[in-house]
Amino acid sequence: MHDFLRLLSRRRLPSWVGYAAVVALIGVATGTRFLVPLDTAPFLLYLPAVFLISIAFGRAPGVAGAAASTVFAAVLFVRASDEAHLSTAQVVALVQYVLISAGMILACDALRRVLTENEGLVATLNAANASLIDSQATLEAAKAEAEAAMEAAESANRAKSSFLANMSHELRTPLSAVIGYSEMMEEELEELGQGGALADIGKIKSNARHLLSLINDVLDLSKIEAGRMDTHAEEVDVAALATEVGNTVGSLVARKDNSFALDLGQGGCDALGAMHTDVVKLRQCLFNLIGNAAKFTEGGRITLGVRRSGDALAFRVSDTGIGMTEEQLGRLFGRFVQADETTTRKFGGTGLGLALTQAFARLLGGDVAVESTPGVGTTFTLRLPAVMPGAAVDVQPAAEAATAPASPGADRHTVLVIDDDAAQRELMSRFLQRQGFSVRTAADGAAGLALAREIRPRAITLDVMMPQMDGWSVLSALKADPAVAAIPVVMISFVNDAGLEAALGAVDHVDKPVAWDRLKDVMDHLRGADGEVLVVDDDAGVRERLRATFERQGWTVTEAENGRVALDKVRHGPPRAVLLDLTMPEMDGFSFLDALRATPGCADIPVIVFSARDLSREDRARLGGADVLMSKTDDLKAVAGELKALAPPQAG
């Protein structure tokens, strides 16, 4: 109906067409009244015509139609009566018709205006809709461009992170060598009494460590940006941590005649309790804040205050230094940015420390804030939750002192020969003695087992074909006994079953009759694996530095350039401890550690992981079989200290 009325209301024809329509419609209605006399009032035929004219052509044609129809209706009334004039009833009816027609014309005119306005509104809405469609298309295109730009940015960020990680590794390796050689030279110069050269070596080491710390900061920021920075939460006593930090930074604070104070509050240690967080990152944050305070304070006071409020802790580092303005505070945590250029020129620094501190704080579930007054001092407040978000609180038993595996014997040059042939025992004894070994012999398997448990020899040579208890049974019994499982066993027999020997744990095989050159090679291999400490690293320089450090402390050292070589040396002579790198060719440290723990008698050998690799959470999980995790940036004396705790060097 609405569409029909809208169609009628559209005036697209000349005005005379409307009046012609009036004549036509009124004429048709009048003719119908003449042709078909009806009892109804004549104007009832005219109302539909007046309505159509008014709605289609407007008010003027409608009025014309109403007037004409009224005249014709009056004529029809007179024609239908016997009198020559209208009756009162007819006049009343005509007046009613005129009023109804007038009201209908006004209503139709209003309806026409509404329809016309609606047409304009619809046109406006259609235009707006078209504009919205265009805008949506533009937005879709912009969204696609933004997504492409974001993907490009993420790709660039990943490439940058990868580049920084690779470059950091390449830079840290030679820097670790510089630091290591500096430490070795310090010890040698100290022994020689060359005090003047010690100061220069100390400067080399100090600057190398500074450069190394800068590289580490850049790498850490890159990893945080890329969302690849892992956290390792552990339980820590807050007061003990704060005390440790205070003791560590004492010399740093004193460089500019500053004093340091530790404020643990009224309740002291007991009020602070413990927290479960990444201790390494928390400690780094405190070092950065105190180091920053020490840099900008001279002849003043630096205070580390710690307070606990429920499940939150606040670490406040206050100083009486130069302070900062509001403008300087606004750009304080920007990367590679300091308070201003004057500050950078006067005090130096890279501007990474505070940016890294803020990033670490947020990674640990907190944040860092700062308050400062120029000329009065600055206070940094590090707020952290007592339990780091997302950290699984796993209660681990206190670390027990690792027990080094029993040495294969008081004399590591003793070889046990087990063979039922007396002549063969005599020949083996003479040969081995010429090679520098002392020899014990056993004529059967049972006696050999008992003697092995008693003397714990360096190695065992074992015949296969023996009465009562053959060589396979003896080998199985040896590897099943933890006390002697680590002793390398060489099979010397006419029977050569390499698969069975390897499965039972033999390290090598020599055919009978004995090829003495072959046996000499095997024994040299065993002798080459004879060391208390096995250093596994593909970097010859690192192995050299570690060997020099450990030998000064009283250990004997064996080297291996990768995990495969190291595993072979372990089978030929289990060490008392292993110092292990992770990133190596052929067999990396992870695979070696798994194989070592699966080797009979080697499950309890202490392993110190000593690597430049940034350990992820997954890496740490895979290194569950290691006793200590250390970085190649750590002091070699600290490494030696850990080794001494795990496997004290033995005299002689």
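Start with the whole chain in view: among contacts (heavy atoms within 4.5 Å) with a separation of 6 or more, 69% join residues 24 or more positions apart. This is a predicted model, where local features need pLDDT of at least 70, side-chain atom pairs count only at pLDDT 80 or more, and totals for chains, interfaces and linings use all residues. Residues are numbered from 1 along each chain as its sequence is written, and side-chain values use heavy atoms, leaving out hydrogens and water.

Now colour by secondary structure to see 23 helices and 17 strands; these are DSSP runs numbered from the N terminus (helices H or I, at least four residues; strands E, at least two).

Next, select residues 540-552 (helix H19) and 636-646 (helix H23), whose axes come within 10 Å and cross at roughly 60°. The axes are lines fitted to C-alpha atoms over the stretch in contact, with angles from 0 to 180 degrees between N-to-C directions. H19 and H23 are therefore oblique to each other (under 35 degrees is roughly parallel, over 145 roughly antiparallel, 65 to 115 roughly perpendicular, the rest oblique). Show side chains for Arg 545, Leu 546, Thr 549 and Phe 550 of H19, which meet Leu 636, Val 639, Ala 640 and Leu 643 of H23.

Move on to Arg 456, in the loop between helix H15 (445-455) and strand S10 (459-462). Its phi is positive, near 50°, and Arg 456 is partly exposed at 24% relative accessible area (buried is under 20%, exposed over 50%, partly exposed in between; 1.4 Å probe, protein chains only).

Finish at Gln 468, in the loop between S10 and helix H16 (471-480). Gln 468 also has a positive phi, near 65°, and counts as exposed at 86% relative accessibility.
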